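Subject: Structure handover

Hello,

Here is the structure for you to take over. Please open it first, then read the notes below.

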Amino acid sequence: MAERGDGGGQQAACGHDSYRTPLASRYASPEMCFVFSDRYKFRTWRQLWLWLAEAEQTLGLPITDEQIQEMKSNLDNIDFKMAAEEEKQLRHDVMAHVHTFGHCCPKAAAIIHLGATSCYVGDNTDLIILRNAFDLLLPKLARVISRLADFAKERADLPTLGFTHFQPAQLTTVGKRCCLWIQDLCMDLQNLKRVRDDLRFRGVKGTTGTQASFLQLFEGDDQKVEQLDKMVTEKAGFKRAFIITGQTYTRKVDIEVLSVLASLGASVHKICTDIRLLANLKEMEEPFEKQQIGSSAMPYKRNPMRSERCCSLARHLMTLLMDPLQTASVQWFERTLDDSANRRICLAEAFLTADTILNTLQNVSEGLVVYPKVIERRIRQELPFMATENIIMAMVKAGGNRQGVVRVKILVESD
């Protein structure tokens, strides 16, 4: 049996007397919070034990229909208090839940976890959770793109002053600038979909990836062991499983997952920074509710708080990438346990943060307000300087020296 417990398992107090992550208590959606909840995780552990038992029965191991039915009937019958007490004694989270599941399935207790390792339930559950979390994010990102596309179409012909280095440049349109945002988000959508579809099941691989325990169960019949791996993979809804693993699936998968989420964070940070700058110029602003208060001391203020929240959380999302990078680099040989506590935090936080960002950005994108008169006034202020580019080209066409003309431009603009 591979050791799994990392010394955790203490149950945090609830209510207002103990710290709770704001990602769950304040920001992220109930759906995303549920995917990373204890109930969903441990229920999935039980489902994986059931799938394993069903496949082992089909392939000839002495497992009865009565045992299978007992496990099916108790998938949701989780005694969290008992599991916590068991883990306190055993210092091993998986075995605590093997005992807890066996307590309500006395007939099936002997065959629960048969031939499996802790990573059979732990890693495979993580992969199921990652897949489902992507499935929650993808439509939200697509929805934001759709809302921004509607906004871009409506303002495709509205001229506005473009900025490079945040200095007045040439004209663009409000719609075209929005397309810069959309293009980045479309790249993120493609990348999230790619990583989601590339996820492979760890499968039934044994303690060091050799499937030795299952070969023993099936008396050296390697075809049955391969079939067992395939059957459980299909039951979990995956098209492919890893061919090669150590005790865990390669932690480079976590790098891929958090890389695309961090990249999404960078896109959202850029978009919301643009909106914050435009709000300062009073050319555009995010939705502002009738009862919303901009400042406790300055009632005239209309702070872009939603865009600021997106930027704030996007910074956190981008920094989380360092965790799987460092974790993957120090997984000695077939695995070490210094990945466990780290992964409990960074994987969940990355998806909860991305979920919050997309929920907020959707709200922003559905209520963007543009002020054409302010935009027009700024264009008129800069129009004489923008005209110098056309003057230069006209003078060169008339036979002038471009380098000398540039000096004229600089003098004109400095005046």
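Which residues make a nonpolar surface patch of about 420 Å²? Val330, Trp332 and Phe333 make it. Patches are built from residues with over 30% relative accessible area and no salt bridge, joining like charges within 9 Å and nonpolar side chains (Val, Leu, Ile, Met, Phe, Trp, Tyr) within 5 Å. A salt bridge puts a side-chain nitrogen of Lys or Arg within 4 Å of a carboxyl oxygen of Asp or Glu. Areas come from the Shrake-Rupley method with a 1.4 Å probe, and for residues only the protein chains shown count as cover.

Some ground rules. This is a predicted model: local features need pLDDT of at least 70, side-chain atom pairs count only at pLDDT 80 or more, and totals for chains, interfaces and linings use all residues. Residues are numbered from 1 along each chain as its sequence is written, and side-chain values use heavy atoms, without hydrogens and water.

Tryptophan 332 sits in the loop between α13 (322-329) and α14 (340-365). Its relative accessible area is 60%, so it is exposed. The cut-offs: buried is under 20% relative accessible area, exposed is over 50%, and partly exposed lies in between (1.4 Å probe, protein chains only).

Now the whole chain. It has 16 helices and 4 strands. These are DSSP runs numbered from the N terminus: helices are H or I, at least four residues, and strands are E, at least two. Of the 415 residues, 48% count as buried. The accessible surface is about 21500 Å², with 54% belonging to carbon and sulfur atoms.

Next, helix α14, which holds asparagine 363. This residue is partly exposed, at 31% relative accessible area. Beyond neighbours within four places in sequence, asparagine 363 is in contact (heavy atoms within 4.5 Å) with Pro287 and Arg306. A polar contact of 2.6 Å links the side chains of asparagine 363 and arginine 306. That term means N or O atoms within 3.5 Å; within protein, one must be able to donate a hydrogen and the other to accept it, and residues adjacent in sequence count only if both atoms are side-chain atoms.

Last, the cysteines. How many disulfides are found? The search gives 0, taking a disulfide as two cysteine sulfur atoms within 2.5 Å. For cysteine 179, the nearest cysteine sulfur is that of cysteine 178, 6.1 Å away. For cysteine 272, the nearest is that of cysteine 310, at 3.9 Å. Cysteine 272 is buried, at 0% relative accessibility.

Best wishes
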